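Please keep the sequence and the structure in view while reading the points below.

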Amino acid sequence: DFSVLSLGTVLNLGVTTDCRVDVTPLTDSELDEVINKPAMMVGLQIAQYLQNRLKEHIKAAPGSLPLLEYALTEIWRDWHTRYKLGTADVSNQLTFESYDRIGGVAGALENQANAVYESFAESTVKQGLVQRIFLELVQLGEDTEDTRRQVLKRELISEIHPEDMLDEVLRKLVESRLVVIDEIFTANDPNAVVIELAHEAAIRHWQQLRYWLNKTRQGLPSI
């Protein structure tokens, strides 16, 4: 499997104050390691032109660094799909063509989120559940940025969104690497299921979610 090198192993960490950690920009050599090492670990290479484009994007928009892991994973998935299909031009290099197909660093996560949401187009109830899940997983900021938060699965079950429907939708969101699920111990339930956004960057870069959040902030119906 393709395992992206943890950013924490190459980040320059500054002073930690309470729960905040100041992170300084990555150096060129650190960016090279973040981009190239995961591919090298599975016998692949990043084409130099693609490597340069990734570095240019991250340098131009440092806040998009959290999307790099997602983009690299999607580039690998594109390569792996073509490899399994026996596509003639597949080599051991991850190329700009794959980068273009996934929509680039900024587009990869949004394209995936839109595709999952549209996959439930036959049911407005299920699309409404997708919306509800994402809204519940975001803590609206007051004079601060919106952030992700954990929600217990049982809090999302309702008459209109029964558990079997919730499980179906969550399964697709997890498979698409948009949310993560874990079990925690609580006083009332030793095996409580908790849900969380897989990428906080989705709050800033998925325009549909931004629209829902803005409507919620204004107290207007989101649908």
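In what follows, a residue is called buried when its relative accessible area is under 20%, exposed when it is over 50%, and partly exposed in between, with a 1.4 Å probe and protein chains only. The model is predicted, with local features needing pLDDT of at least 70 and side-chain atom pairs counting only at pLDDT 80 or more, while totals for chains, interfaces and linings use all residues. Residues are numbered from 1 along each chain as its sequence is written, and side-chain values use heavy atoms, with hydrogens and water left out.

**Overall picture**

- The protein has nine helices and nine strands, where helices (H or I, at least four residues) and strands (E, at least two) are DSSP runs numbered from the N terminus.
- Of the 223 residues in the protein, 40% are buried.
- The accessible surface comes to about 12,400 Å², with 50% of it belonging to carbon and sulfur atoms; such areas come from the Shrake-Rupley method with a 1.4 Å probe, and for residues only the protein chains shown count as cover.
- Among contacts (heavy atoms within 4.5 Å) with a separation of 6 or more, 60% are between residues 24 or more positions apart.

**Salt bridges**

- Side chains of opposite charge can pair when their charged atoms come close.
- A salt bridge here is a side-chain nitrogen of Lys or Arg within 4 Å of a carboxyl oxygen of Asp or Glu, and by this rule the count is 12.
- Lysine 55 and aspartate 32 form one of these, with their closest N and O atoms 2.9 Å apart; the pair links helix 2 (residues 48-60), which holds lysine 55, to helix 1 (residues 28-41), which holds aspartate 32, across 23 residues.
- Lysine 55 is buried at a relative accessible area of 12%, whereas aspartate 32 is partly exposed at 23%.
- Arginine 101 meets aspartate 78 in a salt bridge of 2.8 Å, N to O, and because arginine 101 lies in helix 4 (residues 96-102) and aspartate 78 in helix 3 (residues 65-84), the pair ties together parts that are 23 residues apart in sequence.
- In that pair, arginine 101 is partly exposed at 44% relative accessibility, while aspartate 78 is buried at 16%.
- Glutamate 196 pairs with arginine 148 at 3.7 Å between the closest N and O atoms, which links strand 9 (residues 192-197), holding glutamate 196, to strand 6 (residues 147-148), holding arginine 148, 48 residues apart.
- Arginine 148 is partly exposed, with a relative accessible area of 32%.
- Glu74, Arg77 and Arg177 are linked in a network of salt bridges.

**Helix 7**

- The buried residues of helix 7 are Met165, Leu166, Val169, Leu170 and Leu173.
- These residues lie on the same side of helix 7, because they cover an arc of only 125° around the axis, the arc being that of the directions from the helix axis to the C-beta atoms.
- Exposed residues Asp164 and Glu175 are carried on the face of helix 7 turned away from its buried side.
- The cover over the buried residues of helix 7 includes helix 5 (104-118), helix 6 (124-136), strand 8 (179-184) and strand 9.
- Arginine 177, which follows helix 7, has a positive phi near 60°.

- Three strands form an open, antiparallel sheet in the order 7-9-8, where two strands pair if DSSP finds at least two bridges between them.
- Strand 7 (151-152) and strand 8 are the edge strands, each pairing on one side only.
- Strand 8 and strand 9 run antiparallel and are joined by six bridges, and valine 180 stands opposite glutamate 196 in strand 9.
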